[in-house]
Amino acid sequence: MAPKTIDHAVTTRSLHSAATDPTHAGVLSFMRRKYTKQLKGVDAVVWGIPFDAATSNRPGARFGPQAIRRASAIFDNDPQYPFQRDLFADMATVDYGDCLLDYGNHAKTPATIEREATRILKSGAYLLTLGGDHFVTYPILKAHAALHGPLALVQFDAHQDTWPDEKGRIDHGSFVGRAAREGLIDAERSIQIGIRTHAPDDCGIRIVYGYEVEEMRAEEIADTIVRHVGSRSAYLTFDIDCLDPAYAPGTGTPVAGGPSSAKILSVLRKLGALHIAGSDVVEVAPAYDHADLTAIAGSTIAMYMLGLRAEWLAERRG
């Protein structure tokens, strides 16, 4: 048998080394990256937020980070498709573990998430978050906006999440509206892709509806996003219910009529022209999944986000 590692996530001494753990065994960090809270010299951080108390339909997204990490074990350390590179050879990446939340005091949750996200961002690392329900994007946006100013929100979703709410309320269906009102996002440069529901207010955000996604080629969708965002720094958030339930049944609020994982991955691959300041994948709820379909889609989307970042770093460093 060729030399193999085991439990690479805790035994490795290098943030660039490849893992060769058996796919079916070993500690399940995201893509076998080292588990650590030490951020010196780190380029990218993967972080989980196991929170789903803001859901309006089926709960269970608190188990999303675990499911995404488990599904990511299928990625071996050959050059990652379609990036044709070892993503970590020149991008030191760690799995920071999960955000510790008090399940009995949800009022403290937003500040806890924002505080820890701010700490990670102050290190200079890129932050990729695994949710959790979509509310978690709100405090993460606050941390990013404090560093970068108002961001263009690039949101893949079946829902607008712009429903009105009251100050201090925790709801995964209203965080975008709140972010727009508070100036965390630049609504005129923000765009939502795959929307298949209606909310009372679009907050001035460009919408590409589900039927339009079905009729457009991936290249057209990506070009629409890149042109709309322009030179504004962007935050990329992916609600897994953007995908049709045929491809992602394991989520809290599935909506029929969505795109395939293949089409949306093709769109993501073409977003390299954007300056993506941060990203997340949310709403994976494994209790409703079948054969890890949703977790596999979520982990692949997260890998693409890291792939785009690896290419951006490579171009910047020459």
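Predicted model: local features only at pLDDT ≥ 70, side-chain atom pairs only at ≥ 80, totals over all residues.
Nine strands make up an open sheet, and their order is 1-3-2-4-9-8-5-6-7. The pairing is parallel. Which strands stand at the edges? They are strand 1, residues 34–35, and strand 7, residues 206–209. Each has a single partner strand, so one side of each is left without a neighbour in the sheet.

Now go to strand 4, residues 126–131. On one flank is strand 2, residues 44–49, which runs parallel to strand 4 and is joined to it by six bridges.

How many residues of strand 4 are buried? Six of its six are. In a regular strand, side chains alternate between the two faces of the sheet. Here Tyr126, Leu128 and Leu130 point one way, Leu127, Thr129 and Gly131 point the other way, and all are buried.

Moving along the sheet from strand 9, we come to strand 8, residues 234–239. Strand 8 and strand 9 run parallel and are joined by six bridges. Alanine 234 stands opposite isoleucine 276 in strand 9.

Next, the helices. Helix 3 lies across strand 2, strand 3 and strand 4, and runs at about 170° to strand 2. Threonine 112 is in this helix, which covers residues 109–122. Is threonine 112 buried or exposed? It is buried, because its relative accessible area is 18% and the cut-off for buried is under 20%. Apart from neighbours within four places in sequence, threonine 112 is in contact with Cys99, Leu100 and Leu101.

Then there is a helix pair. Two packed helices are described by the angle between their axes and the distance between the axes. For helix 2, residues 64–71, and helix 9, the axes come within 8 Å and cross at roughly 80°. The two helices are therefore roughly perpendicular to each other. On the helix 2 side, Ala67, Ile68 and Ala71 make the contact; on the helix 9 side, Ala295, Ile296, Gly298 and Ser299 do. Sorted by class, that contact has five nonpolar, two polar and no charged residues.

Helix 8 covers residues 261–269, and its buried residues are Lys263, Ile264, Leu265, Val267 and Leu268. Note that a lysine is in that list. What do the buried residues of helix 8 pack against? They pack against strand 5, helix 6, helix 7, strand 8 and helix 9.

On to the cores. In soluble globular proteins, nonpolar side chains tend to be buried together. The largest nonpolar core in this model has 55 residues. Those with the most contacts inside it are Val154, Phe156, Ile225, Phe238, Leu268, Ile301 and Leu306. Helix 9, residues 293–317, gives the largest share of this core, eleven residues. Taking isoleucine 225 as an example, and not counting residues up to four places away in sequence, it touches Val154, Phe156, Ile191, Ile193, Val267, Leu271 and Leu274. A second, separate core has 39 residues, including Phe51, Cys99, Phe175 and Cys203.

Last, the backbone details. There is a cis peptide bond between tyrosine 81 and proline 82, with omega about 0°. Proline 82 is in the loop between helix 2 and strand 3. Glycine 131 and glycine 132 are also joined by a cis peptide bond, with omega about 20°. Glycine 132 lies in the loop between strand 4 and helix 4.

Arginine 32 has a phi of about 65° and lies in the loop between helix 1 and strand 1. Alanine 291 has a phi near 55°, and its place is the loop between strand 9 and helix 9. On accessibility, arginine 32 counts as buried because its relative accessibility is 3%, whereas alanine 291 is exposed, with a relative accessible area of 61%.

Terms used. Residues numbered from 1 in each chain as written. Heavy atoms only, no water. Buried < 20%, exposed > 50% of the residue type's maximum accessible area, 1.4 Å probe, protein only. Helix = DSSP H or I, 4+ residues; strand = E, 2+ residues; numbered from the N terminus. Pairing = 2+ DSSP bridges. Core = buried A, V, L, I, M, F, W, Y, C linked by side-chain atoms within 4.5 Å. Contact = heavy atoms within 4.5 Å. Axes fitted to C-alpha atoms, helices over the stretch in contact; angles between N-to-C directions. Parallel < 35°, antiparallel > 145°, perpendicular 65-115°, else oblique. Nonpolar A, V, L, I, M, F, W, Y, C, P; charged D, E, K, R; others polar.
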